[in-house]
Amino acid sequence: MKTHLLGAYQRMLAIRVAEEEIAKYYLENKVMSFVHFYVGQEAVAVGVCDALDKEDRVMGNHRSHGHYLAKGGDLKRMVSELLGRENGLAKGKGGSMHMIDKSVGFVGSTPILGSVVPLANGSAFEQKYNHKNNITVAFCGDGAFEEGVVYETLNLAALFNLPFLLVIENNLYSVNSKLKDRRSEKHDVEKIVTGFGVKYVKADGNDYEDVYTKASTIVADMKSGKGPAVLECITYRHMAHSAPLFDDAQGYREEDVLEKRLEQDSLKKLKNKLSKEGINEVEFVEMEKEARARAIEAIHHAAISPYPPKEDLYKNLYV
Amino acid sequence: MSERIIKYTEALKEATEQMMEVDSSIVVLGLGVSYKNGADGTTAGLKVKYPERIFDVPVSEAGVTSMAVGAAINGLHPVVHHGRVEFALLAADAMFTQAAKWNYMFGGSNPVPIVIRINVGRQWGNGPQHTQALYSLFGNVPGLKVVIPSSPYMAKGLLVSALKEQSPVIILEPRWLFNLKQHVPLEVFSVELHRAHVINSGKDITVISYGDGLQAAREALELVGDHVSVELIDLVSINPIDYQTIITSVIKTGAVLTVDTTNESFNVGSEIIGKIVQEASVTLTRKPMSLSCPNVPCPTSTSLTESYYPTRVDIANSILKAFDKPLLDTNLTFEELHMAPAKTI
């Protein structure tokens, strides 16, 4: 388990450090590509994706750097996409909100809230239709869970008994709007989900082990034909909704003030655990140094990569 | 040997059935598609033949259509049926924002082989929320292929092509044409998706239409007779539009009339006329003309709808007037005005 946890820590660290470096680069350079950082939520992506096989599929949303990297994605091609380069995941046409790499089972991310949920359900529909023993995961936020199409999808997934796992990353805010401003006091995600006949599990999204353990059980059940599930992970989004900044000064955060977020931070938690199991500080410093070097290299690689040629504007409209 | 004559709806069913025989990735989803006479007969009997591939679905247009898009991007070739365009609008994200953009926004090599069949347009007594056509909406979104079959032959050939296509295809099916009959070959055949058809050659004026408007224009040719030589074009596809066929014709005739069966503003005809008048190689000898429905919703009362859609007489008189020929003074019967044609063409 120690080796597994160490690997998980490194995967989470790689996401954290890559985004820190990307944020820095965004601030120092005029990068014209909309971006939403995942910093804080890494335990969810890594915990869920560690429970999957390569052939299992993942789809994401506007905040999907972490989902993509956790599924085994290529950091260089991701950063190139963010910087609009020809060698990016979508040849520069998608940007940060459109991660895709079918070679690792990441079949797309889309930023219209809720839109990816039925799409991923369709992927699961295909898996069931073709008798594949694999599942599809969609990541969505608490905001997207308020979209009507999500409820339609829960019904469809239950009706057709699809191998579909919806991971709700509840980071308490939709942009800057609090849950209590968007839902009645009686709102109950578990009742909604189970009311459709879909299994519901709640996890501490800041705790890798909790997410991983629960996701593993769900995935195993699903592969034995037990049907769709929702895994709601309560977590914290450290940074602003869509800027390379910390925005605590905006004053909208009540429950998750900076001190609390840092105390509950998923990386910190896992680090403490690993320290107790004998990993020393020098090793942690070394791991971070290596991860940071890889991130800086990926950014440099992207920055010197060519932009797509002008004629690409008119390409790929149809297959 | 007697010709095999079938209805528009039967042609759609035949194309689906024959393509399902050769392509196991084709599945059909839609409200009531599993009924004995499902989707106006266009899926009749298919549930019995393919029990695992025909899916009746909950009343969840967004969830179902997006699910089908998700299945398509992972290799299935779903056909989604919407019984009215107003219901399809609930799936706008699936069609316009997801399917249409998918291949482009991911830099190519990301096909979305899906066919979305949508029932559109006029039908007696159906009123403002059941009779919209909304062609221009579908023409306005790059990445979709949008066709409007004008006859049983076209219905079969276009659906076969759509089911061989790797880009998303929207088929807008005017229900006004559902009882139209025609000789349609039994064997599988394709009609190119994005090619307009010159269905009558002429030298004086180019008339451009599609769907049920084309049927009225076809009938108008008989009324115009030898007075004016009309070149009639079936547009077939409104996305993309085959301007080459149009411009070639208008260079020859120097005159154009477009016929839409949708509201006047932002319609297909205005779009085409706009392009024609900007085309350097075209010299128009007459002002371009267009016919369409007024800019109000289609009401229910037959006393109001009798002047809502351009008729064959309206089309013939527009042409005759432009060429200073005597106008027709024909009154259409109640049946002709309000009942869908069931004739053989």
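I call a residue buried if 20 or more other C-beta atoms lie within 10 Å of its own, exposed if 12 or fewer, and partly exposed in between, with C-beta atoms placed from the backbone. Helices (H or I, at least four residues) and strands (E, at least two) are DSSP runs, numbered from the N terminus. This is a predicted model, where local features need pLDDT of at least 70, side-chain atom pairs count only at pLDDT 80 or more, and totals for chains, interfaces and linings use all residues. Residues are numbered from 1 along each chain as its sequence is written, and chains are lettered from A and ligands numbered from 1 in the order in which they are written.

**Helix 5 of chain B**

I checked the burial of helix 5 of chain B and found 11 of its 14 residues buried, including B:Trp102 and B:Tyr104. Its cover includes helix 5 (116-129) of chain A, plus helix 3 (61-72), strand 5 (115-120) and strand 7 (169-174) of chain B. After the helix comes B:Gly107, with a positive phi near 75°.

**Chain A against chain B**

I then looked up the interface: 31 residues of chain A are in contact (C-beta atoms, placed from the backbone, within 7 Å) with 30 residues of chain B. Which element gives the most to chain A's side? Helix 5 of chain A does, with nine residues. By class, that side has 15 nonpolar, 11 polar and five charged residues. Here Ala, Val, Leu, Ile, Met, Phe, Trp, Tyr, Cys and Pro count as nonpolar, Asp, Glu, Lys and Arg as charged, and the others, Gly among them, as polar.

**A helix pair in chain A**

Note on methods: Two residues are in contact if their C-beta atoms, placed from the backbone, lie within 7 Å.
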